[in-house]
Amino acid sequence: MTMNQASDGHFPVAPVPQRSFGVVMKAVFLKPVLKLLEAVLPARTFDKFYASTFPIYKEVVRTGYWVGNFLTLKFLNAEQWARVKRVHAVMPYSLVGAGGLEATDRAAQSVNAAGVEGDFAELGVARGGCASLLGMSAFAAGAPPRKLWLFDSYEGLPEPGERDFVANGDTGDHVRPLPKGSCFGALEEVRAVTLGKFKLPEDRIEYVKGWFENTVPASRDEIKKLAILRIDGDWYESTKVCLEGLFEKVQPGGVVIIDDYDSCIGAKRAVDEFVAANGLNVTLCSDGRGGRWFRKAA
Ligand SMILES: C[S@@+](CC[C@H](N)C(=O)[O-])C[C@H]1O[C@@H](n2cnc3c(N)ncnc32)[C@H](O)[C@@H]1O
């Protein structure tokens with residue numbers, strides 16, 4: 001396995017400033033400030049503060065993403081500017097940072113350009129932002145006929161398991177701990193975002209509600225081919241069951257994205273074990289903000 005590259009040669013990681021503003025904001029502003037406030041405020045006051053200010057923070061990052069790209073891309077590169085517009089549109093509905101959304105969009109566009117057959121699947125949908133971004137490419141004019149599979153409990157995260165922790169009790173590079181129910185997105189909200197807001201075709205989307213441990217094995221026969229397998233379930237067991245159940249469906253030239261590889265210890269463990277157990281010779285490319293992708297060999 002080759003690690004920590006920015007590209008497998010098919011599509012590059014997004015250039016600065018497309019991915020850097022949010023990363024810098026998180027490192028120099030969000031994490032230190034939150035750590036300080038968490039230490040000095042009573043827990044309930046801190047929770048209220050976090051809940052009310054996190055959307056504002058996200059909007060600041062989103063605006064920075066737009067402005068930075070407007071200044072550098074608007075008159076320079078029509079294709080990249082179109083991508084920025086798609087990413088900017090879904091950001092309010094996604095927990096994925098700009099770099100991860102950009103990498104997802106590039107992967108989706110690259111399989112379209114190469115004519116790779118198969119559906120797109122996201123496992124870990126939350127409120128449906130990244131899922132909508134995938135849908136924009138899945139159903140773009142000229143793309144092979146595809147469905148979009150959206151797997152989630154639609155009840156938020158399960159509890160982390162023992163393989164999600166390291167000795168000091170950390171589960172990864174998180175702004176806050178992620179107890180059961182975190183990252184919640186209701187099925188009705190995801191339908192409103194994907195169908196109502198982004199007007200994706202209802203008859204080509206499968207919303208699969210339940211725990212991956214049950215829904216992935218139950219859907220395996222129905223899913224014939226995948227061109228994109230996007231795994232965004234944070235934890236070891238959630239990631240493992242997706243790889244074990246669906247990797248074999250990914251077509252040569254198709255892309256596997258693991259959103260949490262560099263941010264969740266359990267997701268990294270599950271991927272590394274799967275790659276080793278199956279003797280895969282893959283290049284794990286970084287999206288610059290915590291995720292990785294690799295392309296299945298032709
Ligand atoms: C980080 S969020 C996904 C973010 C999303 N891709 C976005 O665009 O914002 C993780 C999601 O994975 C789901 N999830 C994690 N493990 C799961 C499991 N074992 N079964 C079902 N859903 C799971 C959670 O419900 C949550 O919605």
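The legends below accompany close-up views of a predicted model.

**View 1. The shell of residues around the ligand.** In this predicted model, the ligand is surrounded by 24 residues, of which Ser94, Gly124, Cys130, Gly233 and Ser238 are the closest. Two helices, H5 (129-138) and H7 (212-219), each contribute at least two residues to this shell. Sorted by class, the shell holds eleven nonpolar, eight polar and five charged residues.

**View 2. The largest nonpolar core and the surroundings of Leu134.** The largest nonpolar core comprises 63 residues, and within it Ala121, Leu134, Leu150 and Ile228 touch the most other members. Helix H4 (residues 98-114) is the element that gives the most to this core, supplying six residues. In soluble globular proteins, nonpolar side chains tend to be buried together. When residues up to four places away in sequence are set aside, Leu134 touches Thr104, Ala108, Phe120, Glu122, Leu148, Ile228 and Arg230, and among these contacts is Ile228, itself named with Leu134 as one of the core residues that touch the most other members.

**View 3. The packing of helix H2 against helix H3.** Helix H2 (residues 43-73) and helix H3 (residues 78-90) pack with their axes 11 Å apart and at an angle of about 170°. Because angles over 145 degrees count as roughly antiparallel, H2 and H3 are described as roughly antiparallel to each other. On the H2 side the contact involves Arg62, Tyr65, Trp66, Asn69 and Leu73, which meet Gln80, Trp81, Val84 and His88 of H3. By class, this contact of H2 with H3 is made of five nonpolar, three polar and one charged residues.

**View 4. Val87 in helix H3.** Val87 is a residue of helix H3, and it counts as buried because 29 C-beta neighbours lie inside 10 Å. Leaving out residues up to four places away in sequence, Val87 touches Ala98, Leu101, Glu102, Asp105 and Leu133. The C-alpha atoms of Val87 and Gly129 are separated by 9.0 Å, although these two residues are 42 residues apart along the chain.

**View 5. Ala107 in helix H4.** Ala107 lies in helix H4, and with 26 C-beta neighbours inside 10 Å it is classed as buried. Beyond residues up to four places away in sequence, its contacts are Ile228, Val255, Ile257 and Trp293. Ala107 and Lys74 are 33 residues apart along the chain, and their C-alpha atoms are separated by 22 Å.

View 6. Helix H8 (residues 236-246) is mostly covered, with ten of its eleven residues buried. These buried residues are Tyr236, Glu237, Ser238, Thr239, Lys240, Val241, Cys242, Leu243, Gly245 and Leu246. The elements that cover them include strand E2 (119-123), H7, strand E5 (226-231), strand E6 (250-258) and helix H9 (265-277). The axes of H7 and H8 come within 9 Å and cross at roughly 5°, and because angles under 35 degrees count as roughly parallel, H7 and H8 are described as roughly parallel to each other. Their contact is formed by Phe212, Glu213, Val216 and Pro217 of H7 together with Glu237, Ser238, Val241, Cys242, Gly245 and Leu246 of H8. By class, the contact of H7 with H8 contains six nonpolar, two polar and two charged residues.

**View 7. Tyr154 and Cys183, two residues with positive phi.** Most residues other than glycine have a negative phi. Tyr154, although not a glycine, has a positive phi of about 55°, and Cys183, likewise a residue other than glycine, has a positive phi near 60°. Tyr154 is placed in the loop between strand E3 (148-152) and H6, and Cys183 is found in the loop between E3 and H6 as well. Tyr154 is buried, with 20 other C-beta atoms within 10 Å, whereas Cys183 is partly exposed, with 17 other C-beta atoms within 10 Å.

**View 8. Asp203 in the loop between helix H6 and strand E4.** Asp203 is located in the loop that runs between helix H6 (187-197) and strand E4 (205-209). It counts as exposed because 5 other C-beta atoms lie within 10 Å. Asp203 and Leu148 are 55 residues apart along the chain, and their C-alpha atoms are separated by 9.7 Å.

Notes. Residues are numbered from 1 along each chain as its sequence is written. This is a predicted model: local features need pLDDT of at least 70, side-chain atom pairs count only at pLDDT 80 or more; totals for chains, interfaces and linings use all residues. A residue is near a molecule or strand if its C-beta atom, placed from the backbone, lies within 6 Å of it. Helices (H or I, at least four residues) and strands (E, at least two) are DSSP runs, numbered from the N terminus. Ala, Val, Leu, Ile, Met, Phe, Trp, Tyr, Cys and Pro count as nonpolar, Asp, Glu, Lys and Arg as charged, and the others, Gly among them, as polar. A nonpolar core is a set of buried Ala, Val, Leu, Ile, Met, Phe, Trp, Tyr and Cys residues joined through C-beta atoms within 7 Å. A residue is buried if 20 or more other C-beta atoms lie within 10 Å of its own, exposed if 12 or fewer, and partly exposed in between; C-beta atoms are placed from the backbone. Two residues are in contact if their C-beta atoms, placed from the backbone, lie within 7 Å. Axes are lines fitted to C-alpha atoms, for helices over the stretch in contact, and angles run from 0 to 180 degrees between N-to-C directions. Angles under 35 degrees count as roughly parallel, over 145 as roughly antiparallel, 65 to 115 as roughly perpendicular and the rest as oblique.
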